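Here are some notes for a colleague who is meeting this structure for the first time. Please read them with the sequence and the coordinates open beside you.

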Amino acid sequence: MEPAVRIRQLGKDRVNFVLENVDLAYVASSLVFALLIACSFANSLRRVMMADLPTIAIDLVEFQANTTVLPDEFIAHRLGMVPLLSSNCDEGMRYTRDCTCLAACQYCSIQLKLDVACHSNTTMDVTSNHLEVTPYGTDYNDMGEGEAGDEPSKRGEYFGHPVGKNDPDASPVLLCKIRKGQELRLRCIAKKGIAKEHAKWSPCSAVSFEYDPYNKLRHTSYWFETDARDEWPLSDNAKEEEPPREDEVFDFNAQPRKFYFEVETDGSLGPQEVVMQGLAELQSKLAKIVLALKKTEPDMVAGEPVPEVAATDGWGNGGGWNSTNQPATNTGGWGASPNRGGGGGGGGWGSGGGWASPSQPATAGWNV
Amino acid sequence: MNAPNRYELFVLDDGEKALEATEDTKIPNAATFKIVKQDHTLGNMLRAQLLSDPSVLFAGYKVPHPLNPHFLLKVQTDGSIPPATALENACTRLITTINTLEGRFKREFSFKDVDAGAAGPTVNLGVPDDPYGGGGATAWGAQRDYLDF
C-alpha cells in the first residue's frame, strides 16, 4: 500500500495534512506490526520537525549601553527567543563549530544591532523591529574570518531579519519598554543551531499529531464522571472518520490508518520547508546508519569473509616496503609490465617495487 | 565553566563511530548495535521497521540513560540473514518510503501553492489588538517629568 498525503490547509505559517496508509513496503508480512511502523514513523516525523532542523537565532549579545529597567541577562534571553528568517539556512550558513574563524564571521553568523533611546514623554516599546541586520564591516575584523565559501550567495534577501519586520499585519516581539532618558544599545551575533541545543532554534511553535479520534483502537482510556462520550468533545478530525456503531465489537487487530498533523511554524521557516526538510533529515539519519554499517562490519553485513589483506594491500605485507620474502608473481599495479595497459610504462610505482628495495621482485605497488 | 558543549549531544566527535556492533555470544543470530548521537526518533522507527521483517525474530531498542546520547538496538534473526543485514534492509526500506512520501508532498504542495497567501493566518484588521496592553500610548503628563530638571 502506498502512502498518501492530503494537505487540508496551507497557510503562511502553518500546514495541516493527513498522512494515510504509512504502513511500509512490508505490510503483507504482519498486520500487527504495520501498526507499529505507521505510528512510529509518524511520530519520528513529528520529532524531527520539532528538534532537528537548523535555523538561526541570536546566541551572543554584547551590551554597549543598557539603562533600561531590565538587566542585561534578561534582555539577552529575550533576544534569543526572537525568530529570525532562516530560509535555506542549511546551505546558507555553517555551524560556528565547523568554521575556522576565531569567534564568529560572515560565513557562520549574522550580526544584528539595536540602538534605541527614548526622548519622548511616552513609554517607548523596544521591539524586534528595532533590530537591524548589519553586515560585518571593518570594525570587528579582528575576530578573524573563516575559510571563504559560497554560503552568503545562497541566502535570501531578508535572511536573518526578525520575522515580520516592517510587516504592518504582524505585531513585533516586544523586548523591553523604556521611558524618557533610557537607552538600549547592543550588538547581537545570531548563529545556526538546532533545537536539541536550545529550543530557540526550533522552527516550529506547535506540531499537533493525532490518530483515531473516536478512540476505536482504545489506545487511550478517558477519565469520566458518568459518560466519557458526553464529557469529551470530539476533535475536528473526527469528521474524517466513521463514527463507531453502538453494537460494534472491538477489533483488536485494527490499526491506525490516518494521521492528522498540524505543523505551525514560528515564521523562521515556511511550513513547506519544515516538512520537506524534516523528511530529508530523517533520510540522512538513516543513510548515516547504512554508511556506518558498511564501514564497520563488512563480514556481518555481506555475510562473506573479509578479503585477504596481505594479497591486495600495497602498504602491508604484500606491498613494496618491508617484507623480503615476497612471492615473485607479477600481480600488477600500475606499471608492472609494459604490455598491461598503456598507463604507467615502466614507471616508478609498480615495477621493481617502486619505493621498496631494488632487490625485490616486481610485485605490486598498489592493489591488484 | 567545565560544562560540555551542548552540541556534543548530537554531533559525532572526531573519529567517533556512528555505530558499534556487538555480536551476542549466547543467542544465535543476535547482535546489539550501539548507535551513537541518536535518540528515540531513529530508535523507535528502526525497531518498528525491523519487526515488520519476517526474518527478524526480535527487535528492541533502549536508551540506557537519558543523559547519554546513544541507544542500543538488539536484533535477532532466524538465521537466513545476519542481524546487520536486517538492519541495513530496514534502513533502505525506510529511505524508500520517505522518498515516495517526499514525492507526494512535493506534488501536494505544488497544488496548494496558489492559495498559500489567501489561506494564511487570519489577521484581525479591525481594531488593532495590542498584546502588550496599551502599546505605551499614554503619556505620563506632558508638562512635568522627573527627568526634566
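Which strands of chain B does helix H1 (residues 40–51) of chain B lie across, and at about what angle does this helix run to S3(B)?

1. Please keep in mind throughout that this is a predicted model. To take up the opening question, helix H1 of chain B lies across S2, S3 and S4 of chain B, and its direction is at about 170° to that of S3(B).

2. The strands named there belong to an open sheet of 4 strands in chain B, which has the order S1-S2-S4-S3 and antiparallel pairing. At its edges are strand S1 (19–23) and strand S3 (56–62) of chain B, each of which pairs on one side only, and from one strand to the next the twist averages 15°. As a general point, strands of a sheet pair through backbone hydrogen bonds, either parallel or antiparallel.

3. Within this sheet, strand S2 (residues 30–36) and strand S4 (residues 70–77) of chain B are joined over 7 bridges in the antiparallel sense.

4. Of the 149 residues in chain B, 38% are buried, while the chain exposes about 8,800 Å², of which carbon and sulfur atoms supply 54%. If one considers the contacts in chain B between residues at least 6 apart in sequence, 53% of them join residues at least 24 apart.

5. Turning to chain A, S5(A) and S7(A) pair over 4 bridges in the antiparallel sense, and Asp125(A) has Lys177(A) as its bridge partner in S7(A). Strand S7(A) is largely enclosed by the rest of the structure, because 4 of its 5 residues are buried.

6. Leaving aside neighbours within four places in sequence, Ser128(A) is in contact with Val82(A), Pro162(A), Pro172(A), Val173(A) and Leu175(A).

7. Gly144(A), which lies in the loop between S6 and strand S7 (174–178) of chain A, is partly exposed, with a relative accessible area of 26%. Apart from neighbours within four places in sequence, Gly144(A) is in contact with Cys101(A), Leu102(A), Ala104(A) and Cys105(A). For Gly144(A) and Ala104(A), a separation of 40 residues in sequence goes with a C-alpha to C-alpha distance of 7.9 Å.

8. A last point concerns the surface of chain A, where Tyr222(A), Trp223(A), Phe224(A) and Trp232(A) make a nonpolar patch of about 470 Å². Trp223(A) is found in the loop between strand S9 (204–211) and helix H4 (228–231) of chain A, and counts as exposed because its relative accessibility is 62%, the cut-off for an exposed residue being over 50%.

Note on methods
Residues are numbered from 1 along each chain as its sequence is written. Chains are lettered from A and ligands numbered from 1 in the order in which they are written. This is a predicted model: local features need pLDDT of at least 70, side-chain atom pairs count only at pLDDT 80 or more; totals for chains, interfaces and linings use all residues. Side-chain values use heavy atoms; hydrogens and water are left out. Patches are made of residues with over 30% relative accessible area and no salt bridge: like charges are joined within 9 Å, nonpolar side chains (Val, Leu, Ile, Met, Phe, Trp, Tyr) within 5 Å. Accessible areas come from the Shrake-Rupley method with a 1.4 Å probe; for residues, only the protein chains shown count as cover. A salt bridge is a side-chain nitrogen of Lys or Arg within 4 Å of a carboxyl oxygen of Asp or Glu. Helices (H or I, at least four residues) and strands (E, at least two) are DSSP runs, numbered from the N terminus. Buried means under 20% relative accessible area, exposed over 50%, partly exposed in between (1.4 Å probe, protein chains only). Contact means heavy atoms within 4.5 Å. Two strands pair if DSSP finds at least two bridges between them. Axes are lines fitted to C-alpha atoms, for helices over the stretch in contact, and angles run from 0 to 180 degrees between N-to-C directions.
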